[in-house]
Amino acid sequence: VTHWSLLGRRVLAVGQGLAPFARGPLFGAVFELAEIDRLLDLPAGSADIVLIDTDAAQPDAVTAAITALAALPTAPPVLLLGAQIPGGLVRALLRLKHSDMLETPYGPEQLQAAVYGLLDAAGAEATASGVRTSRCWSVMGAVGGAGATTLSIEIAHALAARSRSDRSVCLVDLNLADGAAPAYLGAPPSMGLAEFGPTAERMDAALLAAFATPITKGLDLLACPRDPLAFDRISREAVLRILEIACEAYSVVIVDLPRHRRPWTLEVLRGSDEVVVVSELTVPALLSARALSDEIEPELLAGLKPRIVINRVANRMFGPAPSLAEAERALQRKADGGIASDWEAAAASVNLGGAISQHRPKSKIVRDVGALVDRLLIQAERDPKFAPSRAA
Ligand SMILES: Nc1ncnc2c1ncn2[C@@H]1O[C@H](COP(=O)(O)OP(=O)(O)OP(=O)(O)O)[C@@H](O)[C@H]1O
Ligand SMILES: [Mg+2]
């Protein structure tokens with residue numbers, strides 16, 4: 001489970017002194033101030049994290065509240081804040097799986113770090129116990145027209161075909177202004193995020209369902225209607241919120257990322273389990289792929305390297321032909337995959353509206369994308385570093 005932001009996280013805070021956090025370090029969270037007694041019969045699952053100002057309540061009442069929380073089947077993580085936290089409270093805190101303390105004075109960054117740390121720990125546990133196992137793969141073109149959208153669509157299709165559940169894969173087109181995915185798929189874009197303005201940040205799963213365009217069994221598309229101003233009209237928070245709920249609702253989310261950096265690009269990359277950089281077999285494209293890969297690698301989850309995939313490889317070029325050696329010299333590394341060129345299949349599918357795997361299932365593009373997806377899936381299973389259960 002990846003925490004893109006605090007948006008939509010339900011924070012239950014005890015103590016008036018914590019109220020300013022709602023506009024400060026915890027901005028974006030659904031913030032509720034409560035009396036300590038509220039914790040005595042808190043319905044399970046009604047808060048993602050509980051903050052208690054120990055200076056604002058009697059130690060006995062706080063101990064009773066924590067004891068009650070510890071008895072819940074899945075207790076929310078608890079953060080105690082105060083000038084001098086009594087030893088008895090610390091002992092009570094030990095009954096909880098996830099808890100932390102901050103003694104005053106603490107800064108906004110410390111508070112944020114403690115809150116994120118607890119949310120991540122609780123999220124990792126939920127995932128490990130099989131509650132959620134979503135993965136997010138991002139696809140980015142090294143140069144314009146390299147085939148990022150085409151490969152996003154084919155990867156999403158390949159994953160949906162390998163899954164048995166209904167709502168398994170979601171393709172998110174983050175080329176907000178003029179994404180091509182709807183046109184390629186012959187499907188109407190229904191994510192009218194721009195109209196929602198600031199309320200888009202409070203999106204929930206029900207609204208997400210209204211935004212999704214069903215493509216095939218197991219594959220939905222989230223894409224915005226054409227709007228030249230969309231990048232300015234849709235906030236960073238709204239984009240991250242959409243991804244967050246998509247990751248909750250689907251087992252795999254494939255993101256078609258714009259090539260140019262947006263205010264949310266790095267967060268999307270940080271939340272990705274795989275990043276595919278699409279290049280073509282030309283020197284400028286390969287140099288761009290290497291530069292892009294070098295730029296983003298430090299931003300990714302520890303140990304994760306962007307996968308460089310060379311698209312539109314002409315017949316037999318990806319064998320022992322010198323062009324591949326040259327390609328890898330330009331890249332200064334091995335490519336992670338090659339996708340055959342098949343203009344007929346690519347053009348036919350976009351003209352008919354739909355994936356290549358649907359209209360030209362025998363195309364080498366389909367074979368190569370399938371092999372790439374299988375390799376990535378096997379790696380994810382073998383290497384715990386790439387396993388979906390890893391929390392970000
Ligand atoms: N393997 C392939 N063989 C033949 N044609 C391909 C292949 N992959 C993509 N194409 C074609 O190349 C063109 C560009 O592809 P696509 O739109 O996917 O690139 P992109 O990287 O998303 O472009 P943009 O920079 O505009 O977002 C399209 O016409 C597509 O059909
Ligand atoms: Mg594109």
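**Ligand shell, cysteines and local backbone features**

By class, the shell around ligand 1 holds 7 nonpolar, 7 polar and 2 charged residues. In this classification Ala, Val, Leu, Ile, Met, Phe, Trp, Tyr, Cys and Pro are nonpolar, Asp, Glu, Lys and Arg are charged, and the others, Gly among them, are polar. The model is predicted, so local features need pLDDT of at least 70 and side-chain atom pairs pLDDT 80 or more, whereas totals for chains, interfaces and linings use all residues; side-chain values use heavy atoms, with hydrogens and water left out. Residues are numbered from 1 along each chain as its sequence is written, while chains are lettered from A and ligands numbered from 1 in the order in which they are written.

In total, 16 residues surround ligand 1, and the closest are Ala 148, Thr 149, Thr 150, Tyr 184 and Arg 312. A residue is near the ligand if one of its heavy atoms lies within 4 Å of it. A backbone N or O atom of Gly 147 is 2.9 Å from a ligand oxygen atom. A polar backbone atom of Ala 148 lies 2.8 Å from an oxygen atom of ligand 1, and an N or O atom in the side chain of Thr 149 is likewise 2.8 Å from a ligand oxygen atom. On its own, ligand 1 has 630 Å² of accessible area, of which the protein covers 78%; areas come from the Shrake-Rupley method with a 1.4 Å probe, and for residues only the protein chains shown count as cover. Helix H4 (148–161), strand S12 (307–313) and helix H13 (343–352) each give two or more residues to the shell. The largest share, 3 residues, comes from H4. Helices (H or I, at least four residues) and strands (E, at least two) are DSSP runs, numbered from the N terminus.

Arg 312 is placed in strand S12. Its phi is positive, about 60°, although Arg 312 is not a glycine. With 25% relative accessibility, Arg 312 counts as partly exposed; buried means under 20% relative accessible area, exposed over 50%, and partly exposed in between (1.4 Å probe, protein chains only). Gln 332, in the loop between helix H12 (322–331) and strand S13 (337–340), also has a positive phi, near 60°. Gln 332 counts as exposed because its relative accessibility is 59%. Most residues other than glycine have a negative phi, and most peptide bonds are trans. The peptide bond from Thr 104 to Pro 105 is cis, with omega near -5°.

The count of disulfides (pairs of cysteine sulfur atoms within 2.5 Å) is 0. For Cys 224, the nearest cysteine sulfur, that of Cys 170, is 12 Å away. Cys 224 is buried, at 8% relative accessibility. For Cys 247, the nearest cysteine sulfur belongs to Cys 136, at 4.8 Å. Cys 247 is also buried, at 10%.

Strand S4 (residues 78–82) is largely enclosed by the rest of the structure, because 5 of its 5 residues are buried. Val 78, Leu 80 and Gly 82 lie on one side, and Leu 79 and Leu 81 on the other. Strand S3 (residues 49–53) runs parallel to S4 and is joined to it by 4 bridges; strands pair if DSSP finds at least two bridges between them.

Key: Polar contact = N/O pair within 3.5 Å; in protein donor to acceptor, adjacent residues only side chain to side chain.
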